[in-house]
Amino acid sequence: MIDILTKIVAMFNSQPDINKMGFLSSFFRVTPDSFTDAEFAEIDVVRSGEEVAPVVRDLNTGAVTIVDDKFVNHEIPFPVYALRKPALVASLMKRRPGENAYVTEHMNWLGRLARVLVEGFTKMTRMIRYSVELQAAQVLQTGKIILTDEKGNPAYELDLKPKTSHFPMAAVDWGQPGADPYGDVAGVIEVVRDDGQVDVKHAIFDRLSWNNWIRDEFIQENMKQDGLGTGALAPALLGKGGVHMGHIFIGSYRVELWTYNGRYSDFGGSTVKKYLGDNTVILLPDIEDLDFRRLFGGIPTIRPNTDFDELFGASKIEVSGEYDFRPRVFWDENQEAYIGEIKSRPLLWPVSIDRFACLKTGA
């Protein structure tokens with residue numbers, strides 16, 4: 001039985017790591033302070049300028065008094081994700097994917113139950129990870145988070161109130177006569193530099209904006225393709241679905257160029273949607289220059305059944321040190337089923353709200 005549990009645990013630990021997903025949420029860092037038992041995230045946002053120090057006429061005039069930086073305190077409730085998947089006792093008779101008839105005949109029932117529960121947990125954690133990426137996509141494109149319930153109705157809304165100047169429209173739609181993709185991006189970069197006091201280092205394009213970008217003759221002549229020379233890029237950004245297309249100098253700024261075609265579908269729906277909307281370019285500095293936080297709120301848990309603690313742990317599951325999931329398994333007499341349940345309360349919060357922008361390149 002120990003061997004079965006060991007194999008099942010290994011299977012769970014390997015499957016939730018979704019390949020080619022999580023590029024946008026990679027800009028939001030996890031720290032030891034990211035995990036809390038609180039119901040609200042309390043964050044102070046400080047906006048300061050780049051004032052130089054004045055001189056005094058002589059040592060006898062005294063010092064010049066300065067004022068404190070302005071800050072705004074935010075107390076935000078964490079959104080709640082809660083999913084469950086029943087493991088019906090009768091369903092244990094059925095062959096699972098990857099099993100043959102011999103394995104089915106000789107399977108240990110508890111081991112099989114554990115495998116069914118793991119399959120459910122794997123799917124549920126994957127769904128929450130897609131939702132975390134959706135949070136990142138919404139924040140970076142709109143400055144808002146709008147999450148829906150199982151019927152598709154808004155159930156959680158948060159307006160971070162960024163400056164409207166960080167979400168401009170191109171002067172002329174890209175791809176049309178008179179469009180100036182290089183000038184549009186250069187203008188937004190200067191807005192971020194003035195407001196956020198950082199240099200933009202990354203431009204993330206959807207497919208349509210990229211196609212229009214590379215049609216520009218000036219850009220074709222000045223864009224450099226690095227091939228596989230990605231060693232200078234932040235490791236957190238690699239292998240998450242973004243494709244590095246090269247770099248270009250815009251004024252004195254070297255900007256790394258990315259495309260991202262990550263997709264998801266709404267709960268209960270089959271229509272595939274893109275995280276990046278059409279005609280979109282997101283502009284960001286390096287991760288080290290961002291105070292973008294991935295936070296996880298508290299979830300009270302009462303554990304009447306501890307039979308599966310050896311398999312799933314007594315409190316929580318952390319995947320790659322980047323996610324916090326609270327698992328629970330309990331017996332439902334009416335359904336004659338063990339219920340596997342996962343809860344998580346992730347919130348992506350861009351504390352440095354002035355250090356990113358999103359350019360719409362067309363209608």
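User: Which residues does D184 touch, not counting residues up to four places away in sequence?

Analyst: D184 touches A170, A171, V172, W174 and L359, where contact means heavy atoms within 4.5 Å. This is a predicted model, in which local features need pLDDT of at least 70 and side-chain atom pairs count only at pLDDT 80 or more, while totals for chains, interfaces and linings use all residues. Residues are numbered from 1 along each chain as its sequence is written, and side-chain values use heavy atoms, with hydrogens and water left out.

User: What makes the side chains of D184 and W174 a polar contact?

Analyst: Their distance is 2.9 Å. A polar contact is a pair of N or O atoms within 3.5 Å; within protein, one must be able to donate a hydrogen and the other to accept it, and residues adjacent in sequence count only if both atoms are side-chain atoms.

User: Why is the pair of Y260 and Y275 called stacked?

Analyst: The ring centres are 6.4 Å apart and the planes stand at 15 degrees, so the pair is stacked. Rings of Phe, Tyr and Trp (its six-membered ring) pair if their centres lie within 6.5 Å; planes under 30 degrees apart count as stacked, over 60 as edge-to-face and the rest as tilted.

User: Why is F218 called partly exposed?

Analyst: The relative accessible area of F218 is 40%. Buried means under 20%, exposed over 50% and partly exposed in between (1.4 Å probe, protein chains only), so a value of 40% counts as partly exposed. Y260 and Y275, in contrast, are both buried.

User: Which residues form one aromatic cluster with Y260 and Y275?

Analyst: The cluster also holds F23, F27, W258 and Y264.
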